[in-house]
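Welcome! Take a look at the sequence and the model first.

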Amino acid sequence: MNCAPRVLVLGIGNLLWADEGFGVRVVEEFHRLCETADNVRAMDGGTQGIYLVQHIREADILVVFDAVDYGLAPGTLKLVEGGEVPAFLGVKKISLHQTGFQEVLAMAEMMGDYPAHLLLVGVQPVELDDYGGSLRPAVKAQIEPAIEIAIEWLARHGATIAKRAEPLAEEETLASREMRIGIYESGRPRPEEACCHGDARLLANGAFAGPANFEREVDALLQSSGGQG
Amino acid sequence: MGIRTPNGFNLDTSGQRVVVDPVTRIEGHMRCEVNIDENNIIRNAVSTGTMWRGLEVILKGRDPRDAWAFTQRICGVCTGTHALTSVRAVEDALGIIIPENANSIRNIMQLSLQVHDHLVHFYHLHALDWVNPVNALRADPKATSELQQAVSPSHPMSSPGYFRDIQNRLKKFVESGQLGPFKNGYWTNPAYLLPPEADLMAVTHYLEALDFQKEIMTTRTIFGGKDIHPNWLVGGVPCAINIDGEMAAGAPINMERLNYVRSVIERTIAFVDNVYIPDIIAIGNLYKAWLYGGGLSGKSVLAYGDIPDKANDYSAANLMMPQGAIINGNLKEVLPVDVRDPEQIQEFVPHSWYKYPDEAKGLHPWDGITEPHYELGPNAKGTRTNIIELDESAKYSWIKAPRWRGHAMEVGPLARYIVGYAQGHEEIKEQVDSTLRVLGAPLSALFSTLGRTAARALEAQWAARKQAYFLDKLIANIKAGDSSTANTEKWDPKTWPAEIKGVGFTEAPRGALGHWIRIKNGRIENYQCVVPTTWNGSPRDNAGNIGAFEASLMDTKVERAEEPVEILRTIHSFDPCLACSTHVMGPDGRELANVKVR
């Protein structure tokens, strides 16, 4: 009998929106650097919602990489564990995904299969309002630290991740060949060819800035969410 | 004081204004404003997509053979449909003939996505507009079991104990105060009509569907070679076939895998027949007096068609999913549709936040321009960054207004089924007639919110079965000695003409989807998508025609203005996906619907 815990290493986010691609880029690099044994799965979750529920249900241990707005200095990594994770992924102005990942977790829980251990490795984005853009240097620099943190945390939870003797070539990873970071960055249209800034209202009102008092806002939302029916 | 629109709606803005922003449980971000009269009837409707679109921003100058992968990332839902539309557009430009096997495999993948998307849309994004999970706590499990056996005798999960377990699980969830996916609801609203047992049965199926849907995905994983984001290929499909080959990761498709696909198809058919369809009939029966929401469906509908029987023939006669246009409610005449004709499909921007050199004219997508121009009308309330009330007489949406020969059109499963029905499409006619018979409803009942929801279910049933047709066809063709899956003759850009253009179209789960591409010196010069929600969510045009969402809200009675469940119900029935029609969601796109009544 195989008793090794089943591990899902999941990157979420939209590759097309600059630092929103952090989660997917981290998981691509994780796959390039690390052996994925039978019990360890690395997955590019993109902006998928409900289709991810099954994969979460199958995992004993879940690591999620994502760009999350914590109101910290741009490029800062922030770790959140266990029961705190959902709140960080579904609250207003926090996650930019189309289907809230919080809801995905709630669905897994409702089905009675919730990971025993859960870690969110988030990065504070520098830039999101750049359609077609790639990771900014400060965020890109956090890819390897994010992986190291995840490996170390997984080891503490009984899942040993081995590094590959030789990292995979970029085209051999789980990244889609057409979207791998080199091609993605070098093939981008010049700004004079195509306008790539975001919505004027969001740029003007700073809607992407973190809340002034994040903890209080989360508390308020958590308290109010039960009474909205 | 009212205005009559050219497409036949009387708009009256004198009543109080209700603003719903954002409309929740959809992909992306949208806002609705309506005026309701003293009897709570909607007399004016304004729908707007926030944020702006423009895929050329990302694709200009790139390799056309890679475009599918980028379009697949626009949105989290129709990934595969965008990819398919994109490879078809490039193949059209280059005159690439794909092998029969590639056509069969693409059709299986596309049909698989249709069933998957329809099922998930109904249970996880739309059912809660009809079904009240809090009311389900009051159900008697024994009576629920009897109801289940009455509506679907073949469904095995129907014991009182089973429903009691689900009810307890639900109770625990509700009592913990978290409500999870059920939190965005108005559970005391009188618009909810189901008895507690029907609510419990439907919530149970919500969970069953959540569990089952993972199986449907495996078909696309097998052919696409990768979970969640399958691979696609200009010229065919990226999977090799070796029918007697061994099972191994990365090995070609063999008989064992094809047999697995067949078992998935069979289970899908059973789930749709035993769960989805009976639920639609049961809900339809209990809500059949609620026939709001028809909008444009009884007037003007459009379908590009899809699922070519033989490879490479995209003419209406060869497409198994219907193609055609109906205008002015004339079901006797289905007009031919040509996505290349510059006179047929045009996008207008007088009410959209874009600039054209001459805004009295529409542009065909091959000549499309996406130049953002954000300005509020003189009667808008609020500021540029915090709109309180839109001025629909001016520009008011980030969605363009596509028109077919000048007509605002509805697209989607209901549009396809109306076109198919009018054409005398046998399978569609059979399905529609028998459903109406069971419900004791007239054909006109089809032109409604419920009709849209029912057409989606019938289409899921049709699509599930058609997968088996193409699997048989694929296996027969392989056995006849043809295992080819891709044509790479024109893979090398050196063989391409200097300047070419092409168009690809599909029927995405939520409606007609087209990609128009121009290629210059081997690179993308212009790339325009007109997506289903651009059609359905379009704002007014230069002639004053209102769009499909707007039309569908007209004349609906709202029980409680501050809890517009009726608006959500009708908008959700379109399965709107704003992520690609307008691009990116607001950072607040996940909060509870925020309703303001003025």
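A residue counts as buried if 20 or more other C-beta atoms lie within 10 Å of its own, as exposed if 12 or fewer do, and as partly exposed in between, with C-beta atoms placed from the backbone. Strands are DSSP runs of E with at least two residues, helices are runs of H or I with at least four, and both are numbered from the N terminus. This is a predicted model, in which local features need pLDDT of at least 70, side-chain atom pairs count only at pLDDT 80 or more, and totals for chains, interfaces and linings use all residues. Residues are numbered from 1 along each chain as its sequence is written, while chains are lettered from A and ligands numbered from 1 in the order in which they are written.

**The sheet**
- Chain A has an open sheet of five strands in the order 2-1-3-5-4, with mixed pairing (two strands pair if DSSP finds at least two bridges between them).
- Strand 2 (40-46) and strand 4 (77-81) of chain A are at the edges with a single partner strand each, so one side of each has no neighbour in the sheet.
- Strand 1 of chain A runs parallel to strand 2 of chain A over six bridges, and I12(A) is opposite G46(A).

**Strand 3**
- All seven residues of strand 3 (residues 61-67) of chain A are buried, so the rest of the structure largely encloses this strand.
- I61(A), V63(A), F65(A) and A67(A) point one way, and L62(A), V64(A) and D66(A) the other.
- Five bridges link strand 3 of chain A in parallel to strand 1 (residues 7-12) of chain A, where V9(A) partners V63(A).
- Seven bridges join strand 3 of chain A in the parallel sense to strand 5 (residues 117-123) of chain A, and D66(A) partners G122(A).
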